Amino acid sequence: MRQINRVGVLGAGVMGATIAAHLANAGLEVLLLDIVPKELTEQEEKKGLTLESPQVRNRIAAEGRAGLVKMKPAPYFLKEYAAQVDIGNLEDDLEKLKDCDWIVEVVVEYMPIKLDLLKKLTPYIAPGAILSTNTSGLSVNEMAEVLPPEIRKNFLVTHFFNPPRYMRLMELVPTTATDPEVMKGMADFIGNRLGKGIVYAKDTANFIGNRIGVYAIYKAMQHMVEMDMTVEEVDTIAGPATARPKSAAFRTADLVGLDTLAHVGNNSYDLLPDDEERDVFKLPDFMKALIDKGFLGNKSKQGFYKKGKVDGKRQIYYYDYKENDYKPLAKPKYASVGMVKQVDDPAQKIKMIVGAQDKGAEFAWKSVRDTLIYAFNRIPEIADDVVNIDNAMKWGFNWEIGPFEMLDAIGVAKFVKRAEKDGITVPEKMKGIESFYRFDESGAQEYYDVLKGEYAKVPLKEGQIKLDILKRGGNVVEKNSNCSIIDLGDGVFGFEFHSKMNAISGDILAMTHKAVKRAEEEGVGLVVGNHGQNFSVGANLMMLAVAMAEGAFDDINMVLRSFQNATMALKLAKVPVVAAPFNMTLGGGCEFSMHADAINAYAETYMGLVEIGVGLLPAGGGTKELCLRAVDLSTKYNTDVQPFIFKHFEQIAMAKVSMGAAQLYDMSYMRNGDSITMDIDKLIGDAKQKVLALAVNYRPKLSRKDVPAPGRGIAASIKSQLWNMQQGNFISEYEAEMGGIIANVICGGDVNPGTLVSEEYLLQLERENFLKLCGNKKTSERVQHMLKTGKPLRN
């Protein structure tokens, strides 16, 4: 397959524009085209423009591109990536498509329009260029009929989920004529460069994700009516309690839009006459009533839910479908839901809740039961195996585990027995299956191939490292309940956190030294990484709260020393250390990453020093590192250190968190030589390769003793600004005090500018001032509030 460097995106609506943005995120050149307007706007008329003016003819594409910069959540990693998106129109600029290696059609979901466009494109597609459609369910083979054979073999569906930057799922669907090498090449390219999780679907209505996801939502509505439940009651159960996202059923409907959901449902009903559950896809009367009123969900600011105010306080209402009116949230409680609230393992949650006895558990069982049977019956109609279906639901609908993983959690035999007791028809092929997944002797995962009636290995990508396979295969060299040291091969060791939320505890700090020593004595380097939901949310606050309540400041000081010793052990290791952060990397997780020789971050890494949210300062070496990096930047550019200190102080004082790894360079958390991985499956493997590259000519670091301190003058400037903000009532007296303490530390204490200080001195400043803040009553209140609510207390 030809190398892809330039991509044409046809259609500059929300989906087309956001696809263009994500292609730009991947470093690709993008040409964004849309139709020519048929009328002038009032503003264009005032400027004396005509329908022949280029800015009029390109207006729709220009508006699509301009809207990206203001959109939330941000479609670009960095706003400057917008420069990689050129615009034009589908009449004047088709010739430019000849320079494109991939052309993706993202116009309205209406077959006649798509067919007309495809016919129009044919003369402008370069030999060997890829052509794809972003349809969410229309027949790709019907579209292929209007294309000549030489283009048809390079034509396929590339179905992005919305929003393209954040939703991992990519459904690939071939035509009967698509070259298998094109399918493989596009899967590799889209996985590696765009970070997508690839599933292979078939040319059936709504493919995999929407077919099963919308069925699950519609079936939830059916059970809701039959069991006389409310919208809110259903969402209480259909979310995290059953290993699905917080948006559950009806909030998901509001998120995607009731009109969009209805379109997908109608599509299934109209195009699937032989579906045994076809009637489930009939639009419920109460949903039709909302759509007719224009209550389409989030985009119209009301749907199954709406927000309002009562006595100046925000109030959320749910839709009462029986009375056709909105009612305030009642916050229903189910013992079954409460029982699984503190359970982290999604499989265990499913097993527990469907085995409970209250009404919520009954709904959970019925909705899960029907969805799992429906998913099984779709093989081989929509996909050939359980892996593609499970991945589609995890990546496209944010389920924690897929349908067949849920069946294994419940127990296939138990599921069959209970469903049959309910009078439900269970597929014959399901009855003899022991489990859909298992592990072989080497620790590799296998899935049950329903079509062949035998187990096959779950495929791994080239360069992918799965820690659980290595662990089952006997590669754990040392472990405790919260972390493990794993042999990654080739002399590289992995240091894995697996505590609750990957919070950093005392045994993780102690194991850090062992991990470094193991890599130094038996290997060539160390990767700090894991496969949790987040890299690390920081230090264990509960331990700190108990110590603060007891006034055990000596104990806190000892823990601080242990934390600093652990991060410095990473920094001063005799072999290279690479951190592989991803998702939430906060507080202590950020500090661990900062002390590695290099960072290999997942593109969606949200990193920051957020300790001020609980009234504290970063004291695991984070404040020290930002001081050092400010000094180094001033030396590098031969300029004053003050602007760098101000910027780094602001990051700490405002608990700034990156909105992606690309922002970390500007925040000084990542530096030259650090890198970003788009495909999270490759993250640990890429970090390992970076270790091996660094190990070739590695030069260990020494603890610095010659740091020119920014000094008391810059600290005084910061405090002056804080005082002004306090006088203007922008911050409280307590916040001004916290800010002043942080300023003292990041500036190197009460010393003259340029005074040479050491890293150890800066670490001591961190500890002393952390303890000072621990003694403040308001800090204790903030820590307790965070533990209770999970949110920082706002003064």
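Predicted model: local features only at pLDDT ≥ 70, side-chain atom pairs only at ≥ 80, totals over all residues.
Reader: Which residues of helix 1 are buried?

Author: The buried residues are Met15, Gly16, Ala17, Thr18, Ile19, Ala20, Ala21, His22, Leu23, Ala24 and Asn25. Because 11 of the 12 residues in helix 1 are buried, the rest of the structure largely encloses it.

Reader: How many residues does helix 1 have, and what should they span?

Author: Helix 1 covers residues 14-25, and at 1.5 Å a residue its 12 residues should span 16 Å. Its end C-alpha atoms are 16 Å apart, which agrees. Glycine 27, with a positive phi near 85°, follows helix 1.

Reader: Which way do side chains point along a helix?

Author: An α-helix has 3.6 residues a turn, so residues three or four places apart point the same way. Now take another helix of this model. In helix 18 (residues 403-410), 7 of the 8 residues are buried, so helix 18 too is largely enclosed by the rest of the structure. Those buried are Pro403, Phe404, Glu405, Met406, Leu407, Ala409 and Ile410.

Reader: What do the buried residues of helix 18 pack against?

Author: Their partners are helix 15 (346-354), helix 16 (359-377), helix 17 (386-396), helix 19 (412-421), helix 20 (428-431) and strand 12 (437-439). Just after helix 18 comes glycine 411, with a positive phi of about 100°.

Reader: How do side chains lie in a strand?

Author: In a regular strand they alternate between the two faces of the sheet. In this structure, strand 16 (residues 483-489) is mostly covered, with 5 of its 7 residues buried.

Reader: Which strand does strand 15 join through 3 bridges?

Author: Strand 15 (residues 476-479) is joined to strand 16, and the two run antiparallel. Valine 476 has isoleucine 486 of strand 16 as its bridge partner. The hairpin between strand 15 and strand 16 passes through 3 residues.

Reader: How many bridges join strand 16 to strand 17?

Author: There are 6 bridges between strand 16 and strand 17 (residues 492-497), again in an antiparallel arrangement. One of the pairs is isoleucine 485 with phenylalanine 495 of strand 17. These two strands form a hairpin with 2 residues between them, and aspartate 490 in the turn has a positive phi of about 60°.

Reader: Which residues make the nonpolar surface patch?

Author: Val108, Tyr110 and Ile113 make this patch of about 290 Å². Valine 108 sits in the loop between strand 4 (102-105) and helix 5 (111-121).

Reader: Why does valine 108 count as partly exposed?

Author: Its relative accessibility is 49%, and the partly exposed class lies between under 20% for buried and over 50% for exposed.

Key: Residues numbered from 1 in each chain as written. Heavy atoms only, no water. Patch = residues over 30% accessible without salt bridge, like charges linked within 9 Å, V, L, I, M, F, W, Y side chains within 5 Å. Areas by Shrake-Rupley, 256 points an atom, 1.4 Å probe, with all protein chains shown as cover. Salt bridge = Lys/Arg side-chain N within 4 Å of Asp/Glu carboxyl O. Helix = DSSP H or I, 4+ residues; strand = E, 2+ residues; numbered from the N terminus. Buried < 20%, exposed > 50% of the residue type's maximum accessible area, 1.4 Å probe, protein only. Expected span 1.5 Å × (residues − 1). Contact = heavy atoms within 4.5 Å. Pairing = 2+ DSSP bridges.
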